[in-house]
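Here is a briefing on one protein chain.

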Amino acid sequence: MSSYVIVHIRDKCFRVPIGSGEQPVKWLAHAACIRCDPRPGAIRVSGLREENGRSIPNDARVIDAIPLGTDVWAVEVVTVVASPTPSRPPEMTNEGWRAMATPSPR
């Protein structure tokens, strides 16, 4: 049987395997954010809380602070708007490479 915790972020929930549970709670929050949106830093949370609203310390070990298989909720979820991917300069496109590889008429 694997060890896991269910983390709720907004309207989604994620079953996050925790292995031995030695990681800090902050790691669990980050792991759930990555599952919610795999772009680095796209979603950030300030911490996790229990169903009754009690805050779980970020520096506590997961195994000590959260019973296995239970649900926790993300606190202060922030979506970070990622900047759009910059477009390639024309010389870096396939057409640009072809134009550079084609000898110019003399």
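R61 is partly exposed, with a relative accessible area of 32%. Here buried means under 20% relative accessible area, exposed means over 50%, and partly exposed lies in between (1.4 Å probe, protein chains only). R61 forms a salt bridge with D64, with the closest N and O atoms 2.7 Å apart. A salt bridge is a side-chain nitrogen of Lys or Arg within 4 Å of a carboxyl oxygen of Asp or Glu.

This is a predicted model: local features need pLDDT of at least 70, side-chain atom pairs count only at pLDDT 80 or more, and totals for chains, interfaces and linings use all residues. Residues are numbered from 1 along each chain as its sequence is written, and side-chain values use heavy atoms, with hydrogens and water left out.

**Salt bridges**

- The structure holds four salt bridges.
- D64, the partner of R61, is exposed at 56% relative accessible area.
- Salt bridges that share partners join E22, R61 and D64 into one network.
- E50 pairs with R54 through their side chains, at 2.4 Å from N to O.
- R54 is partly exposed, with a relative accessible area of 41%.
- D37 and R39 also meet in a salt bridge, at 2.7 Å from N to O.
- In that pair, D37 is buried at 16% relative accessible area, whereas R39 is partly exposed at 41%.
- Side chains of opposite charge can pair when their charged atoms come close.

**Fold**

- The chain has three helices and seven strands.
- Helices (H or I, at least four residues) and strands (E, at least two) are DSSP runs, numbered from the N terminus.
- Along the sequence, the pattern reads β-β-α-β-β-β-α-β-β-α.
- The chain has 106 residues, of which 30% count as buried.
- Take the contacts between residues at least 6 apart in sequence: 56% of them join residues at least 24 apart.
- Contact means heavy atoms within 4.5 Å.

**Nonpolar core**

- The largest nonpolar core has 23 residues.
- Such a core is a set of buried Ala, Val, Leu, Ile, Met, Phe, Trp, Tyr and Cys residues joined through side-chain atoms within 4.5 Å.
- The residues with the most contacts inside this core are V5, V7, I9, V25, L28, L48 and I66.
- Two or more core residues come from each of strand 1 (4-9), strand 2 (12-17), helix 1, helix 2 (62-65) and strand 6 (71-75).
- Helix 1 gives the largest share of this core, seven residues.
- Beyond its neighbours within four places in sequence, L28 touches V5, V7, V16, I18, L48, V62 and I66.

- D37 lies in the loop between helix 1 and strand 3.
- Leaving aside neighbours within four places in sequence, D37 is in contact with A42 and I43.
- D37 and T79 are 42 residues apart in sequence, but their C-alpha atoms are 9.5 Å apart in space.
- G47 sits in strand 4 (residues 47-49).
- G47 counts as buried because its relative accessibility is 7%.

**Largest pocket**

- The largest pocket has a volume of about 190 Å³.
- On a 1 Å grid over the protein atoms alone, a pocket is an open set of points where a 1.4 Å probe fits, with protein on both sides within 12 Å along at least five of seven lines.
- Grid points are joined across faces, edges and corners, and the volume is the space filled by probe spheres set on the points.
- The pocket is lined by 15 residues, where a lining residue has an atom within 4 Å of a point.
- H30, C33, I43, R44 and V45 lie nearest the pocket centre.
- Helix 1 (25-36) and strand 3 (43-44) are the elements that give two or more residues to the lining.
- Helix 1 supplies the largest share of the lining, five residues.
- The lining divides into six nonpolar, five polar and four charged residues.
- Ala, Val, Leu, Ile, Met, Phe, Trp, Tyr, Cys and Pro count as nonpolar, Asp, Glu, Lys and Arg as charged, and the others, Gly among them, as polar.
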